Amino acid sequence: MNPNVTRGSRTHGLLAYLYGPGRHNEHTDPHLVGSFDGFAPDPGRERTTSVKELAAVLDLRVKQLGDRLQAKYVWHCSVRTAPEDRQLTDTEWDMVARRILAAVGIAADNDPDACRWVAVRHADDHIHIAATLVRADGRKVFPRNDYPKAQSACRDLEKELGLRRLNPGDRTAAKRATAAELRKAERLGQHEPPRDTLRTAVRQSLAGATTEQEFLDRLDAASILVRLRKGPSGDVLGYSVALPEAHDAGQPVWFAGATLAPDLSLPKIRARLVGAVEPRGLEAARSARPAAARRRAIGSLDRTLHILDANEDQAADDLIGTGAVLDALAATASPTTRTEYLAAARTFERATRSHTRAENADRHALRSAARGIARAGTATHGDDSAAATILSTLVLVAIAAAHWHSARGHAQQASAAREAALHLRAAYERTAHHPMNALRARAAALPAAERTRHNNTIRTLLAARCPTVAAPGPMPALVASLAEAEAAGHVPENLLQRAIEQRELTTADNVEDVLVWRIRRIARLPAPTAATAETTPTPWAPEAVKTPRSRPVR
């Protein structure tokens, strides 16, 4: 059951809409299901009554107040049930309206001087509550925190009426587009309201920025209009953004950063950029290519996994850093996976905000990795191996984040993390198709005895180390990776054992895929593309050992 609260200043206009045909002729049989005294005239069922008469009844105390009336005195709340819920009766809807009005402080039970109100039903699945915010004793009513109070009342009603129980909010979510913004976007043929487009653009620009000026420059490069708010001293106090094509009365429609999301205000952005360091030298060179930048982020994501598994509060900061990595990936994804990346980043954004606060140094590592991804540019088809590796890790991070939030009662954040995991899985399936097929082709070319030996190693170690994992079938991609690692100087048994023990496998959808990318990352194997399927792996040497370059004789 979902309430939506708005304010207005025209009682008759609201009632005319509620009793009218609707914007798409969707209103059927509009009628009252409840009112302040139970005897309000009903234009829908009483032929001798008009909407004007009902508006006059509701506005009686309003007219008596005269010039002392507040600007927005009409309180409007629509309440909708879920599609799978049963159809409520008019009597049940009357109870719903009274409970919500009492919860927000507009019309308490047994209060003869309470505000006047009506509840109109013109569809099977929802009602509209209209109230005028003036009491019979002449006092004006200013409902405070009415939306969260209405939500809380709906959560109780869902339980009593046996309806689908929605997740309770904690007031950390970004502000949603208003009904007017949604209608305007639909009317103009836009795929989403400007508010959502701008929120994504700001997050992606921030993911690649080291300084405040670079953040503003990235917004400008993304064709986003920026307006700075300055104090008397000339210091910048805030900012607003707008889309060049979004206008109202010939002027751009501006959105302040704080209205896009709580963490996008200028003070929050400045706090986020503290400690950001411009990559230099070897670090910058390593992150210059998209594949290298993605591999660099995997180590920090692995540490995030361990912190989430340990159920520590400091994971709150790691989730913020993970969100930055997802924003950077969405901004630089290839066209084939951009939709899934963007959906994952937008959904996971809800999982990055809660009332749990912590300070973790790994957050800076994740944000540094996000900047590297953003600066490396758009991924290409040849980067599928690195993309599949980071996606397989991000799926596990999203699942672990859902468990972490659930343990703290963060229902909305846990749900968002689970939904993000679904989008990341979809992106992984698209990305991993070519490299996994290349590995399977390589396994088919191996001698039968070698395939059998590696298969036996896989079954033995999985049975010993992961007894809860179902008995595996053929894993040709894992066999090919073990053979490649062995040719590079690794001991397959030790490498596989290390990969298995790196983290539990019970939450993995595909054990083979997870182990393949763990092994290839540990052994630093080259990308398994069709072009390299028949090449000989480079002999492996410990990372600490550096082979001196040979100098030409002069």
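Before anything else, my rule for touching: I call two residues in contact when heavy atoms lie within 4.5 Å.

**Ground rules.** I am working with a predicted model, where local features need pLDDT of at least 70, side-chain atom pairs count only at pLDDT 80 or more, and totals for chains, interfaces and linings use all residues. Residues are numbered from 1 along each chain as its sequence is written, and side-chain values use heavy atoms, with hydrogens and water left out.

**Whole chain.** I noted 22 helices and 10 strands; helices (H or I, at least four residues) and strands (E, at least two) are DSSP runs, numbered from the N terminus. The C-alpha atoms fill a box of roughly 100 × 60 × 40 Å along the principal axes. Of the 554 residues, 49% are buried, where buried means under 20% relative accessible area, exposed over 50%, and partly exposed in between (1.4 Å probe, protein chains only). Taking contacts between residues at least 6 apart in sequence, I found that 73% join residues at least 24 apart.

**The sheet.** Which order do the strands take? I read E1-E3-E5-E4-E2, an open sheet of 5 strands with antiparallel pairing; two strands pair if DSSP finds at least two bridges between them. E1 and E2 (31-35) are at the edges with a single partner strand each, so one side of each has no neighbour in the sheet. On average, neighbouring strands are turned by 20° against each other, direction ignored.

I then went through the pairings. E1 (residues 2-8) joins E3 over 7 bridges, antiparallel, and Thr6 has His76 of E3 as its bridge partner. E3 also pairs with E5 (residues 126-132) in the antiparallel sense over 7 bridges, with Arg80 bridged to His126 in E5.

How enclosed is E3? It is largely enclosed by the rest of the structure, because 6 of its 7 residues are buried. Helix H5 (residues 146-161) lies across E1 and E3 and runs at about 150° to E1. For such angles, axes are lines fitted to C-alpha atoms, for helices over the stretch in contact, and values run from 0 to 180 degrees between N-to-C directions.

**Thr81.** I found this residue in the loop between E3 (74-80) and helix H4 (90-104). Is Thr81 buried or exposed? Its relative accessibility is 7%, so Thr81 counts as buried. Leaving out residues up to four places away in sequence, Thr81 touches Met1, Leu88, Trp93, Asp125 and Leu163.

**H14.** In helix H14 (residues 338-348), the buried residues are Glu340, Tyr341, Ala344, Ala345, Thr347 and Phe348. They pack against H13 (315-332), H16 (384-407) and H17 (411-431).

**H19 and H20.** The axes of H19 (residues 448-465) and H20 (residues 476-487) come within 9 Å and cross at roughly 105°. That makes H19 roughly perpendicular to H20; angles under 35 degrees count as roughly parallel, over 145 as roughly antiparallel, 65 to 115 as roughly perpendicular and the rest as oblique. From H19, residues including Arg451 and Ile458 take part in the contact, and H20 brings residues including Leu482 and Glu486.
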